[in-house]
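Please have your viewer open as you read.

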Amino acid sequence: MNYYNITLINSPLEPFTYQSPKIIDIGIKVKVKVRNREVDGVVVLKCDEPSFECLEILEVYDSVYSAKQLELAKFISTYYFCSLGEALGLMTGYEKGDCRVASFLAVTEEFLDGKHPVIASEARQSQKSCRVAYAPRSDIMLSDKQNEALEFLKQHKISLLFGDTGSGKTEIYMKYFEEMIEQKKRAIFLMPEISLTPQMSKRLKIHFGESVVMWHSKLTPKQKKDALGKIYDGSAKIIAGPRSALFLPIKDLGLIVVDEEHDESYKSSSRPRYNARDIAIYMGKLYDIPVVLGSATPSLTTYVKFPHIRLKGGYFSSKKEFVYERSVESLSPMVMESLKKSLEKKEQAILFLPTRANFKYLICADCGHTHKCAFCSVGMSIHQKTRSLRCHYCNFAVAIPQECFECKSSNLTSSRLGTAEATQNIREEFDGARVDQFDRDVITTANKLKAALKSFNDREIDILVGTQMISKGHDYHGVTLAVVLGMDNMLNMSDYRAREKALSTLIQVAGRSGRKESAKVLVQSFNEEFFKEYVDKYEEFLEDEKEYRKELYPPYKKLCRILFSHKNGIKAQDAMNEMLGCLQKNSSVEVVGFGKCAIERVADKYRFEILLRADKSTDIIKAISVCRVDLAEIDMDPVEFS
């Protein structure tokens, strides 16, 4: 009988020991029983016979996790404080016996001790050809500047392509992909959100045909099976999609491109709380392959840590005029007049708002009471379409009240304009104008996204009103007016990156306009001086921001946020205090702050937090490993502070 340690996929539990008469290689996926449930696991260690009775492995699958996948999972488990099973749950194994996959044998017992896995032998790859004939289109020619940028990227293992909107970053990526394919290697192309995939999919498939596979959570089971089939048989040369595409079983990987590397969507909001951009960088070192990070508004961390090449300007000779209005976020006369002129000229406009729904808050004008969620300490958003107040944290909803819950007054008012209300008001003001909403309340499927983008580019929509989704790298060909509201709310967030995020958002939204014709960008803000100084000089902003961050924030310091939540607020607070006492005795980490979260209650759980700062992530990892308590949820390199 043989004995194995099995880590359960997606489980927070430590590995269990099972037995089998079969000899099973490390990394093989198996089925086992846990408390009368059949679950999937991965063999991570061959061990001696234990002193207790073991259950038998029920089934051995035709799937294997490679040594590098196991090493990557171990890194994620250690750095982001999750179980090995949760880390492996991100990944898809290789197909055992497939002609594209080598056998993975004899990973030593050093693996679980934190040392690098050692491959005793790796069978030669089958000589049978699984490759599909590929002939790239030759109609994309790079300019001298683009060729210079490409050569720079090829000379560095990790590099930043810092290119203005419209400067041709995508063409450079595609030329790099071509060279990978010629070398019989494959590439991963990461995008921050599913919302970017339709247009990029079209561009990639025009150029590379069926060699492209798109991967994201909205694929049907059949589509996923077909995509995996192409990945296994080698016909998929470019695998594109949001962060989950990073963990597919890609043999002969030669390049990873992370587009819009600054985007927060790369950070997972649930355990494992990994950042796909940072994992891509780690994978570059693990696989010894180049990683390209691209953005028009790169994060300061990337700008400081890695060599970059700057691409200024673009293919478009059109000019942008920035106009600032000192105003709270509203559809002011100036905004409405600008939209009117755009409609009269039969041109297209986009309007950005950071808030979806009709209004962010419902407030009593007599007593000042804000109608909050019953389970979260936040105001609820007004959704007129469903005639409800909805919490954007836990999705709890109630009918819109006719009177104040506190004083029974019917004098209710609302604040913080949302996309639905803005869309409705613009339609009422401009009879016959074709105005559409573009946010997560309306764009709920990939097909709806594709249809909305097509309608807008076919000029079937005059004005598109949306949230962050509207700024996410889409190509809008005919936009001559961009209206940007809510910048001051972003600038005043309790976040050390507030300036970076607000300026980046403005530049990204503005970049959706003026692709073919001159454009006007109307910005509502009381902070004109800040935006005006840097909106055309993002590199200068990054240089100035470096001085502000030194000795305090990333990239010069490492941060970690520790969350404690429980339905019983006293238990959550006690857990925080217990861990806090231990951490305060550790001289290698600094407790920046602790106490109630800015939003104290979410989903009927009270929340407390500790924010740590240190020179190195290893200092934080060691301190937490010693001091961690049961309720502690660890968020390394946090991007969310509310």
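Helix α4 is mostly covered, with 12 of its 14 residues buried (buried means under 20% relative accessible area, exposed over 50%, partly exposed in between, with a 1.4 Å probe and protein chains only). Helices (H or I, at least four residues) and strands (E, at least two) are DSSP runs, numbered from the N terminus. This is a predicted model, where local features need pLDDT of at least 70 and side-chain atom pairs count only at pLDDT 80 or more, while totals for chains, interfaces and linings use all residues. Residues are numbered from 1 along each chain as its sequence is written, and side-chain values use heavy atoms, leaving out hydrogens and water.

**Helix α4**
- Among the buried residues of α4 are Lys169, Tyr173 and Phe177.
- After α4 comes Lys184, with a positive phi near 60°.

**Aromatic pairs**
- Rings of Phe, Tyr and Trp (its six-membered ring) pair if their centres lie within 6.5 Å; planes under 30 degrees apart count as stacked, over 60 as edge-to-face and the rest as tilted.
- By this rule there are 18 aromatic pairs.
- Phe530 and Phe531 have ring centres 5.1 Å apart and planes at 65°, so they form an edge-to-face pair.
- Phe530 is buried at 11% relative accessible area, and Phe531 is buried at 0%.
- Tyr538 and Phe541 have ring centres 5.6 Å apart and planes at 40°, so their pair is tilted.
- Both Tyr538 and Phe541 belong to helix α15 (residues 538-549), three residues apart.
- One aromatic cluster includes Phe162, Tyr303 and Phe530.

**Charge over a ring**
- The charged end of Arg310 sits over the ring of Phe162, 3.9 Å from its centre (the rule asks for NZ of Lys or CZ of Arg within 6 Å of the ring centre and within 35 degrees of the ring normal).
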